[in-house]
Amino acid sequence: MTATLIDGKAFAAKIHAQVTAHVARLKADHGLTPGLAVVLVGEDPASQVYVRNKGWQTVEAGMNSFEYKRPADTPEAELLALIERLNADPAVHGILVQLPLPGHIDADLVINAIDPAKDVDGFHISNVGLLATGQKAMVPCTPLGCLMMLRDLHGDLSGREAVVVGRSNIVGKPMAQLLLRDSCTVTLAHSRTRDLAAVCRRADILVAAVGRPEMIPGDWIKPGATVIDVGINRIDAPERGAGKSRLVGDVHFASAAEVAGAITPVPGGVGPMTIACLLANTLTACSRANG
Ligand code: GUN
């Protein structure tokens with residue numbers, strides 16, 4: 001392996017420590033404790049793991065964590081009523097509705113019912129618009145974490161060729177906006193892009209967020225490029241024993257690490273940064289709400 005490994009876990013721990021120190025100061029100086037409400041509908045196992053991790057890390061940072069677990073058949077109106085209550089609750093500074101939601105619930109309707117000032121996911125249409133027009137917005141946590149790692153590694157990103165593979169509202173689109181805001185030349189590619197290999201080979205910065213295990217091989221990567229792998233895919237690993245599995249990214253790590261200049265591992269790359277940025281967004285929401 002020739003690439004430098006980008007240690008998202010260590011970076012996330014640094015942000016966590018900064019947030020924790022700031023929360024302690026808010027408490028001591030102003031008697032304020034930031035509060036994050038997380039809403040989980042249904043029993044999706046991956047979502048349950050995320051929500052559990054968000055909960056204990058919030059508490060560890062000195063913030064209040066409020067969890068609302070509801071059954072999969074919860075009516076949409078009931079969820080909207082809960083959002084209304086949380087919007088009005090002064091102890092709640094951030095609201096996160098875990099996605100995906102069950103099929104009978106209109107996710108856009110629910111997300112847009114959240115007070116934009118409490119929308120720590122940055123998914124509300126107002127925050128999306130603010131980001132797209134270069135105004136002060138709540139920024140989605142995963143792309144924000146990616147941007148922080150890129151800035152830490154390179155400093156100024158201006159003029160670099162950035163290719164984002166994946167056009168989701170959660171990662172791909174806001175990632176492209178953030179890189180554009182930092183003056184990169186941005187291509188937003190996806191699974192239907194013609195000659196995706198050639199597009200990827202142009203990238204000084206390649207962000208992979210397509211959700212397809214090991215789809216991007218080393219020979220799609222420009223020598224020396226920085227590769228940020230957002231994918232978290234569980235695949236069978238019979239070599240580890242019957243019924244075993246392992247986590248892989250959207251990039252084929254072993255071949256990519258021979259070509260790239262720097263690369264995030266999976267796990268331990270982007271993943272830990274997402275929750276760290278969620279805590280930072282909650283702190284920001286609390287500070288803004290209290291002048
Ligand atoms: N599901 C997968 N990622 C996310 C995220 O960043 N926020 C929410 N609310 N749900 C998700």
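In the predicted model, helix α2 spans residues 45–60, and its 16 residues reach 23 Å from the first C-alpha to the last, close to the 22 Å expected at 1.5 Å a residue. Within α2, the residues K54, Q57 and T58 are buried; they cover an arc of only 105 degrees around the axis, which puts them on the same side of α2. The other side of the helix carries P45, V49, W56 and V59, which are exposed. The packing partners of the buried α2 residues are the strands β2 (35–41) and β3 (64–70), together with helix α10 (270–289). Following α2 in the chain is G62, for which phi is positive, near 90 degrees.

The chain as a whole contains 10 helices and 11 strands, and 43% of its 291 residues are buried. Its radius of gyration of 19 Å agrees with the value near 19 Å that a compact globule of 291 residues would have, while the C-alpha atoms fill a box of roughly 50 × 45 × 35 Å along the principal axes. Of the contacts between residues at least 6 apart in sequence, 68% join residues at least 24 apart.

The domain assignment divides the chain into domain 1 (32–117) and domain 2 (141–271), with 28 Å between their centres, taken over C-alpha atoms. According to an unreviewed UniProt entry, residues 140–288 carry the feature "domain: Tetrahydrofolate dehydrogenase/cyclohydrolase NAD(P)-binding"; this span, residues 140–288, is 36% helix and 19% strand, and its end C-alpha atoms lie 17 Å apart.

Technical notes:
Residues are numbered from 1 along each chain as its sequence is written. This is a predicted model: local features need pLDDT of at least 70, side-chain atom pairs count only at pLDDT 80 or more; totals for chains, interfaces and linings use all residues. UniProt positions are given in the numbering used here, feature names are shortened, and annotations may be inferred rather than shown by experiment. Helices (H or I, at least four residues) and strands (E, at least two) are DSSP runs, numbered from the N terminus. Domain bounds come from an automatic or database domain assignment. The radius of gyration is taken over C-alpha atoms; the globule rule is 2.2 Å times the number of residues to the power 0.38. A residue is buried if 20 or more other C-beta atoms lie within 10 Å of its own, exposed if 12 or fewer, and partly exposed in between; C-beta atoms are placed from the backbone. Two residues are in contact if their C-beta atoms, placed from the backbone, lie within 7 Å. The expected span of a helix is 1.5 Å times one less than its number of residues. The arc is that of the directions from the helix axis to the C-beta atoms.
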